[in-house]
Amino acid sequence: MSTALIGVDWGTTSMRLWHLAPSGEIIARRRLDNGILAVEHGRFRETLQAALEVPDKDSLAPGTPILMCGMIGSRQGWIEAPYVACPAAIGTLADHLQAVPDLADATIVPGVMVSADGRRDVMRGEETQILGAGLDRGRRLVVLPGTHCKWVLLEDARILAFATFMTGEAYQA
């Protein structure tokens, strides 16, 4: 089965990759402990090559789109993908994909920010997880547990608002 898309969730401490068939079926997956903080001297391309088990830079997934999300799009990542403000529709996120200049067919999903009532909050990577859950089910609340737990309000294929809670840090302390 051929790979139609390579999805990469590249966070601060880990990287997860999926090879997707044209049908959307996952045909291969991998998790590595080489998040952006482990990448030395900005060698993101080489790190991605190694994760994809590609022998040389010229053979890195030719023609296969690579869609990356998470902290890889932060100031500390490969290239910054500026935040999109809420309400953030799927189309708005797609319109703001950032091309990776030194890697054809690779883009980075922007993060999402909310600014309301003097409060500012951001997410990177979670917006893509939410898209994977589907947004066309009316108004609902999605909870993403983790170190930085997110409570996200969705409606009509848009991220309306969200809040982050430091539950993981509190538990660890």
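## Starting at Ala157

At 25% relative accessibility, Ala157 counts as partly exposed, a class between buried (under 20% relative accessible area) and exposed (over 50%), with a 1.4 Å probe and protein chains only. Ala157 lies in the loop between β12 (149-155) and β13 (158-165); helices (H or I, at least four residues) and strands (E, at least two) are DSSP runs, numbered from the N terminus. Although Ala157 is not a glycine, its phi is positive, about 60°.

A word on the model itself: it is predicted, so local features need pLDDT of at least 70 and side-chain atom pairs count only at pLDDT 80 or more, while totals for chains, interfaces and linings use all residues. Residues are numbered from 1 along each chain as its sequence is written, and side-chain values use heavy atoms, with hydrogens and water left out.

## Other backbone details

His41 also has a positive phi without being a glycine, with a value near 55°. You will find His41 in the loop between β3 (26-32) and α1, where His41 is exposed, with a relative accessible area of 75%.

Cys86 and Pro87 are joined by a cis peptide bond, with omega near 0°. Pro87 belongs to the loop between β5 and β6 (88-89). Ser115 is part of strand β9 (residues 112-116) and, at 55% relative accessibility, counts as exposed.

Thr13 is exposed, with a relative accessible area of 60%, and its C-alpha lies 7.3 Å from that of Ala38, 25 residues apart in sequence.

## Aromatic pairs

A search of the whole structure turns up three aromatic pairs. Rings of Phe, Tyr and Trp (its six-membered ring) pair if their centres lie within 6.5 Å; planes under 30 degrees apart count as stacked, over 60 as edge-to-face and the rest as tilted. One of the pairs, Trp10 with Phe44, is edge-to-face, at 5.8 Å centre to centre and 75° between the planes. Trp10 sits in strand β1 (residues 5-10) and Phe44 in helix α1 (residues 44-51), so this pair ties together parts that are 34 residues apart in sequence. Trp10 counts as buried at 0% relative accessibility, and Phe44 counts as buried at 6%.

Phe44 also pairs with Trp78: the ring centres are 6.2 Å apart and the planes are at 20°, so the pair is stacked. Because Phe44 lies in helix α1 and Trp78 in the loop between β4 (66-69) and β5 (84-85), this pair ties together parts that are 34 residues apart in sequence. Trp78 counts as buried too, at 15% relative accessibility. Trp10, Phe44 and Trp78 form one aromatic cluster.

## Nonpolar cores

In soluble globular proteins, nonpolar side chains tend to be buried together. Here a nonpolar core is a set of buried Ala, Val, Leu, Ile, Met, Phe, Trp, Tyr and Cys residues joined through side-chain atoms within 4.5 Å. The largest such core has 21 residues, of which Val8, Trp10, Leu48, Ile66, Met68 and Trp78 touch the most other members. Two or more residues of this core come from each of β1, β2 (15-20), α1, β4 and β8 (106-108).

A second, separate core holds 14 residues, including Leu93, Val112, Leu154 and Ile159.

## The largest pocket

How much space lies in the largest pocket? About 690 Å³. A pocket is an open set of points, on a 1 Å grid over the protein atoms alone, where a 1.4 Å probe fits, with protein on both sides within 12 Å along at least five of seven lines; lining residues have an atom within 4 Å of a point. Grid points are joined across faces, edges and corners, and the volume is the space filled by probe spheres set on the points.

The lining consists of 24 residues, and Gly11, Met71, Arg124, Glu126 and His148 lie nearest the centre of the pocket. The elements that give two or more residues to this lining are β10 (119-123) and α3 (126-133).

Arg124 has a further feature: its charged end sits over the ring of Tyr83, 4.2 Å from the ring centre. For this, CZ of Arg (or NZ of Lys) must be within 6 Å of the ring centre and within 35 degrees of the ring normal.
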